[in-house]
Amino acid sequence: MAVITTSVHPNGLEYIEVTSELCYARILLQGAQIDSFIPKGQAPLLWVSSADDYQPGNGIRGGIPVCWPWFGQHPNPGWPQHGFARNRQWRHLSSEIQDEVVTLKFVLPLLEADRRFWPHNTRVELHCRFGQQLRVSLININLDNHPVTLTQALHSYFPIGDIHQLVARGFKGAHYIEFGNGPYAQTTDDVHFVQETDRVYNGLGDEQQLQTPHGVIVVKRAHSQSAVLWNPWIEKSQRLSRFNDDDYLQMVCLEAANVREDAVTLAPGERHELTTEISWQI
Ligand code: BG6
């Protein structure tokens with residue numbers, strides 16, 4: 001029988017744990033950030049840096065940070081990278097268990113202080129479905145009387161064992177921007193990693209795979225034509241917060257996104273659902 005418990009980390013962060021016949025999962029209320037998902041009998045599907053000491057106020061370096069309502073750097077100087085949702089306290093709305101599949105729903109309460117960054121009346125929820133796969137949906141509803149445009153990403157960190165052996169698949173036909181240059185056409189299906197990689201793909205099909213020495217991770221997306229593929233490599237690893245110098249060997253981010261030409265514009269009353277689904281290929 002699935003069990004859902006709430007606890008507090010020694011440093012003060014609240015989290016919810018799910019233990020079922022299908023998986024183990026953990027999600028922090030700060031950022032509604034999932035930091036662990038382990039399908040029953042399989043290896044963990046998400047990576048977290050051992051350098052992160054889970055201090056309140058920081059996003060955790062791993063799992064699935066929610067980037068909202070903008071992805072990357074904002075043109076306004078000093079505004080937080082990847083928006084403000086990942087550092088803020090979300091509210092747990094509901095829990096549901098059906099055939100051992102657990103669905104948890106969260107809402108981000110928008111505070112008066114957020115109006116500086118986000119002067120719009122919208123509702124944003126995160127729905128997490130923990131079964132043999134992990135499905136995460138970031139839902140936006142425009143409650144305002146004018147159109148609203150946003151960019152966003154589910155910034156998933158994956159444990160890939162050895163970056164030198166990783167092959168990321170399913171990219172042919174897309175185009176990407178990297179370090180402000182491009183767009184470049186992606187002519188091969190496979191991506192290998194030999195240097196810092198920080199690509200924003202657009203025009204991407206809805207499934208990619210990460211072929212690791214320990215198995216193949218399948219990453220599906222819905223209502224998303226864009227994704228980010230990131231590995232910081234040697235020098236950037238040394239500059240990153242809450243990240244060990246050699247962590248780049250063990251992780252890659254493949255992020256379901258709505259960025260650049262795939263930004264979301266919602267008419268008044270409109271709803272959008274960005275979804276990613278993650279599993280080990282069996
Ligand atoms: C990626 C960006 O999505 O996130 C990178 O493409 C960035 O450029 C990385 O370095 C991590 O960002 P942060 O803000 O969590 O350190």
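The tour below visits salt bridges in turn.

The coordinates come from a predicted model, and eight salt bridges are found in the structure. Three of these stops follow.

Begin by selecting Arg 242 together with Asp 52, whose side chains meet in a salt bridge at 3.1 Å, N to O. Because Arg 242 sits in the loop between helix H1 (233-239) and strand S21 (251-258), while Asp 52 belongs to the loop between strand S4 (33-39) and strand S5 (66-67), the pair ties together parts that are 190 residues apart in sequence. Colour the two by accessibility: Arg 242 is partly exposed, with a relative accessible area of 22%, whereas Asp 52 is buried, its value being 8%.

Next, select Arg 199 and Glu 178, a salt bridge in which the closest N and O atoms are 3.4 Å apart.

Finally, move to Arg 271 and Glu 273, which form a salt bridge with their closest N and O atoms 2.8 Å apart. Is this pair's arginine, Arg 271, buried or partly exposed? Arg 271 is partly exposed, with a relative accessible area of 46%, and Glu 273 is partly exposed as well, with a relative accessible area of 25%.

Technical notes: Residues are numbered from 1 along each chain as its sequence is written. This is a predicted model: local features need pLDDT of at least 70, side-chain atom pairs count only at pLDDT 80 or more; totals for chains, interfaces and linings use all residues. Side-chain values use heavy atoms; hydrogens and water are left out. A salt bridge is a side-chain nitrogen of Lys or Arg within 4 Å of a carboxyl oxygen of Asp or Glu. Helices (H or I, at least four residues) and strands (E, at least two) are DSSP runs, numbered from the N terminus. Buried means under 20% relative accessible area, exposed over 50%, partly exposed in between (1.4 Å probe, protein chains only).
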